[in-house]
Amino acid sequence: MEELDVEPAITNIPAASDGKHLGFAWGPGDILAYETLYMAPGMCRHQHKPLSMFSHSCAKGSGCSFIHEVRKDEDIYSPILRKLFNESHHIFVGLQTIREDLPSKNKKTQFVSISKNYRSVIRACMEELQQVAASVLVLQVSILLAIELIWNLCEVLFIDAAPAGPLLLHLLDWVRLHKGDVDEKAREVLQSESPAEHHDYWDVVVSYVLQGRFEEARQMLVKQATLQPAARNMYKLMDTLLSKMPFYNPGGTQTLTEFDVKWRHWHEEVDRCLQDNSFASNQHLEIICKILVGDEDTLLEHKELLSTWYHFLVTRLLFCHPTVKPTELHYYAQSCMTMFLDLRSVPEPLDSILLAAFEFDIHQVIKDCSIALNNWWFVAHLTDLLDHCKLLQSHNLHFGSNLREFLLLEYASGLFTHHSLWQLAVDYFDNCPEFGHVYLELQIERVPLDTERKALKVLRICEQRQMSEQVRSICKIMAMRALRNNRLGSALSWSIRAKDAAFATLISERFLQDYCARGTFSDLDLIDNLGPAMLLSDRLTFLVKYREFHKLYEENRFSEAAKLLLSLITAKIAPRSFWMTLLTDALPLLEQKEVSHSAHCALHCGFGHDLCFSKHT
Amino acid sequence: MESVNAKYVSQKISKTRWRPVSHSSLQQPDIFATGSWDNEDNKISFWSIGNHGSSGMDEGFEGDPQLLCEHKHDGDVLDLQFLDQDRIVTTSSTGAVTIFRHHQNSQTISVSQRWPRVHRYPCDNAPCTGVVCSSPEIVTVGEDGKIIVFRADQEGVIRVIENADSSTIHAVTYLRTTEILTCILYLDDVLLPLHCVDRHPNQQHIVATGGQDGMLCVWDVRQGSTPFSLMEAHSAEMWEVHFHPTNPDHLFTCSEDGSLLHWETSTHSDMPSFLQGGRNNSMISRSAMAPAGGNQSLISTWLSGDSSKGRLETTHMLPSQTLSVNSLDVLGQCLVCGTDGEAIFVNRQVPV
């Protein structure tokens with residue numbers, strides 16, 4: 001057996017009595033646990049936070065008998081998160097239809113825009129969750145935040161795959177997007193009476209500088225400059241430094257080398273200012289100058305403003321190595337993380353995932369995310385997108401399918417356990433070429449069929465995919481149910497749809513029994529209009545033709561009726577139990593004048609023939 | 001076709017209906033009701049699109065439906081109709097029929113009246129599949145093959161027609177005030193259940209139906225049991241068909257295949273098309289005999305629908321790749337529909 005990646009989490013079942021030995025059974029998305037009478041020696045219990053829990057009381061025997069349902073994935077039952085599943089399903093289906101033959105540049109733009117679509121769906125959910133503001137949801141909001149952070153980074157590094165130069169700009173955007181509190185603080189400061197004297201003023205200015213937002217920083221500094229006319233020159237100098245910092249322009253004509261030269265030039269100028277003690281009299285400006293020159297210690301002094309090691313990383317890159325190449329990222333990432341985090345603190349899952357991303361280890365990212373999250377949604381969709389970008393090497397797993405398919409199958413199987421979202425899962429299975437069909441076949445039969453309308457939808461799904469076994473099985477279920485409720489017409493339509501001859505025979509027998517019992521047919525509309533469907537089974541054909549015979553008789557078309565009856569008798573498709581009935585039906589015909597002579601004789605013969613037969617049976 | 005935005009609502013929508021607007025006012029409809037299905041807790045909800053006649057308003061997100069109120073519903077909502085301005089009738093998969101009242105002032109919903117288990121088998125509930133009402137009378141049909149008549153203000157049922165059929169009755173509509181038309185199946189070459197039916201608003205003998213194979217049929221109920229014209233509409237079951245209530249040259253259908261079609265027939269032809277002859281391979285048309293010397297305006301264009309002369313236009317109204325569109329309703333210039341993808345689409349500028 002393989003080594004485990006992490007220790008398995010332990011879930012407390014509070015309702016279970018102390019000391020009881022639990023039995024369990026796996027379900028599609030959950031575990032059923034029950035108490036047994038077995039006493040195991042020396043059982044101990046670990047105290048861990050439970051995942052989600054439901055208890056149902058069951059039959060009351062001796063001792064308390066409960067069945068506990070332990071479910072891992074609560075997300076699919078959250079009404080707000082459901083929108084995430086539905087909208088992302090829509091995006092997913094759209095993604096699968098992107099044509100393979102498009103030139104790769106166009107495809108990349110499309111993939112980036114699809115990635116942005118996914119992210120905007122996540123954000124929309126997050127905003128809605130935040131508005132609800134229940135305490136339970138705080139965890140969900142933070143998980144979604146983390147997911148979006150990771151996805152955004154993956155988009156920057158893997159899908160957009162920016163080279164040196166634009167890479168830093170994208171990373172700056174990434175950090176800015178996920179550090180929203182700067183704007184809030186800034187708003188607070190600006191709305192106050194005297195912004196330059198607000199206690200958070202310098203925090204805001206420094207935060208802006210740390211994020212490379214020099215325009216805003218300069219605007220803020222102007223306010224301070226007006227308050228201190230004596231230090232005007234200093235502020236002017238700082239303003240100049242800030243305005244002259246070069247930013248790489250991806251659309252421009254400047255090459256990376258040219259930009260690098262310019263940047264170094266500017267960097268030397270800032271350093272000179274520092275050496276000259278130009279800002280010595282104003283500690284805040286001195287700090288800003290040190291930041292601009294990329295002094296690590298100064299940066300680390302502002303840990304609360306940076307708040308995360310990856311912000312520290314991007315800031316450091318901005319002021320030390322703006323031309324960083326993608327392949328160099330992981331050196332800086334590792335060192336920044338080490339510098340930023342305490343030696344004692346254990347890196348959180350998010351940190352190791354981000355680090356793996358900076359190392360361009362896609363598989364590690366996916367693996368860590370799979371472990372950390374309780375729902376396959378994120379990894380399934382991200383992996384699918386990355387697979388479309390041709391970024392995943394084919395990584396054969398034990399089950400023979402590749403990573404993408406494995407994750408999609410897991411995700412879709414989870415969806416199938418949901419009473420409503422199973423319909424989405426069908427599309428996911430469709431896009432798993434190796435095992436999707438088999439999974440669908442196994443799962444679709446488990447969908448409960450309460451109404452005919454639902455059964456029709458499920459049938460349509462099966463018929464579109466040529467799953468004839470399942471079609472037959474579903475139709476049989478519905479037909480049996482109809483039969484049990486004495487809805488013979490309904491049962492017959494179901495068996496015709498399934499092309500189930502045996503069942504059609506059974507139902508026709510019931511019709512005929514009905515006729516024998518009551519003397520009339522119960523479902524004339526249906527029987528009269530079957531058309532070629534009546535050929536499905538012999539018994540059914542007989543039923544239809546027999547009814548036709550009655551119709552002809554009632555319309556006084558005796559010769560035709562006689563011919564039909566004759567053919568019925570001679571064709572021998574009548575059930576044995578019916579022969580006497582047929583013969584008695586023939587009697588009045590023999591008395592009719594219109595019946596042709598030949599028919600007469602034939603009937604006599606047939607009569608005799610069958611009489612002989614019936615004597616021997 | 002301008003872009004239509006989806007509003008995701010976390011429940012699969014089985015039915016959606018506009019609240020009727022009074023004929024005197026020229027207002028566009030602004031409130032619609034939806035019913036959900038396939039949930040553990042189903043709901044009926046009222047939504048507003050805030051349409052108060054301001055025509056200069058920007059389309060798009062401003063028109064997003066806002067939830068006004070909702071109420072729990074026992075079982076899937078299989079059909080839903082407005083009884084009057086404040087009350088809706090719903091039928092359930094548990095066989096119950098319920099009247100809900102929407103209190104506009106407090107934006108709450110209360111159960112006004114309920115008939116539990118009216119549709120049932122001897123030992124089980126039967127889903128009640130369709131309802132039609134003409135206040136105060138309500139008629140429902142169900143999988144048990146019964147037709148049941150109620151009055152909105154009376155406790156018990158007025159009349160039960162048992163064993164109207166031993167198949168499931170899928171849909172029902174009023175033909176005249178005293179006649180109803182129920183929908184089971186028809187035959188062309190194959191036996192196929194019909195799922196939906198709608199009557200022409202002005203010419204009551206004309207009825208359109210949609211079936212399991214997605215065919216749209218137009219019938220003249222005065223004449224025989226074969227449809228007047230058959231048109232291939234969809235590639236899967238057609239769930240609803242609606243004539244536009246004030247402009248019946250327009251017809252709307254929605255289907256399991258995820259499409260919503262807008263059919264438009266024009267009346268600008270001098271010669272009735274059945275005299276023009278010709279066939280179109282996407283449509284089989286069998287016209288019955290028109291009354292001799294019949295006035296063209298009396299013969300509905302639906303009965304002579306022949307798309308080969310450009311008289312019948314079809315447009316898709318939704319972006320492709322949606323799951324099944326279960327329900328639609330159209331009133332004035334507004335169209336609302338609900339899908340199995342848990343989304344509601346509202347289009348406020350339907351070209352009619």
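The crossing of α21(A) and α22(A) is left-handed, a term used where the near helix is turned anticlockwise from the far one by less than a right angle (right-handed if clockwise). The model is predicted: local features need pLDDT of at least 70, side-chain atom pairs count only at pLDDT 80 or more, and totals for chains, interfaces and linings use all residues. Residues are numbered from 1 along each chain as its sequence is written, chains are lettered from A and ligands numbered from 1 in the order written, and side-chain values use heavy atoms, without hydrogens and water.

Helix α21 of chain A spans residues 452-464, and helix α22 of chain A spans residues 468-484. Helices (H or I, at least four residues) and strands (E, at least two) are DSSP runs, numbered from the N terminus. The two helices pack at an angle of about 165 degrees, with axes 9 Å apart. Axes are lines fitted to C-alpha atoms, for helices over the stretch in contact, and angles run from 0 to 180 degrees between N-to-C directions. α21(A) and α22(A) are therefore roughly antiparallel (over 145 degrees; under 35 is roughly parallel, 65 to 115 roughly perpendicular, the rest oblique). On α21(A), the contact (heavy atoms within 4.5 Å) is made by E452(A), A455(A), V458(A), L459(A), C462(A) and E463(A). On α22(A), the partners are Q470(A), V471(A), I474(A), C475(A) and M478(A). Eight of these residues are nonpolar, one is polar and two are charged. Ala, Val, Leu, Ile, Met, Phe, Trp, Tyr, Cys and Pro count as nonpolar, Asp, Glu, Lys and Arg as charged, and the others, Gly among them, as polar.

α22(A) also packs with helix α23 (residues 488-498) of chain A, at about 170 degrees and with axes 8 Å apart. That angle makes α22(A) roughly antiparallel to α23(A). Residues of α22(A) in this contact include V471(A), C475(A) and M478(A). Among those of α23(A) are L488(A), W494(A) and R497(A). The contact divides into ten nonpolar, one polar and two charged residues.

Helices α16 (residues 362-372) and α17 (residues 377-388) of chain A pack at about 165 degrees, with axes 9 Å apart. That makes α16(A) roughly antiparallel to α17(A). Their crossing is left-handed. I362(A), I366(A), C369(A) and S370(A) of α16(A) meet F378(A), V379(A), T383(A) and L386(A) of α17(A). By class, this contact has six nonpolar, two polar and no charged residues.

Five cavities of 30 Å³ or more were counted. On a 1 Å grid over the protein atoms alone, a cavity is a set of points where a 1.4 Å probe fits but cannot get out, and lining residues have an atom within 4 Å of a point. Points are joined across faces, edges and corners, and a volume is the space filled by probe spheres set on them. The largest cavity holds about 100 Å³. Its lining includes H89(A), H90(A), Y8(B) and F345(B). α1 (79-96) of chain A and β30 (343-347) of chain B each give two or more residues. α1(A) supplies the largest share, three residues. The lining has five nonpolar, seven polar and no charged residues.

The second largest cavity has a volume of about 60 Å³. Among its lining residues are G165(A), L168(A), M245(A), F259(A) and P322(A). Nine lining residues are nonpolar, one is polar and none is charged.

Definitions and conventions:
1 Å grid on protein atoms, 1.4 Å probe; cavity = no way out; pocket = protein on both sides within 12 Å on 5 of 7 lines; lining within 4 Å.
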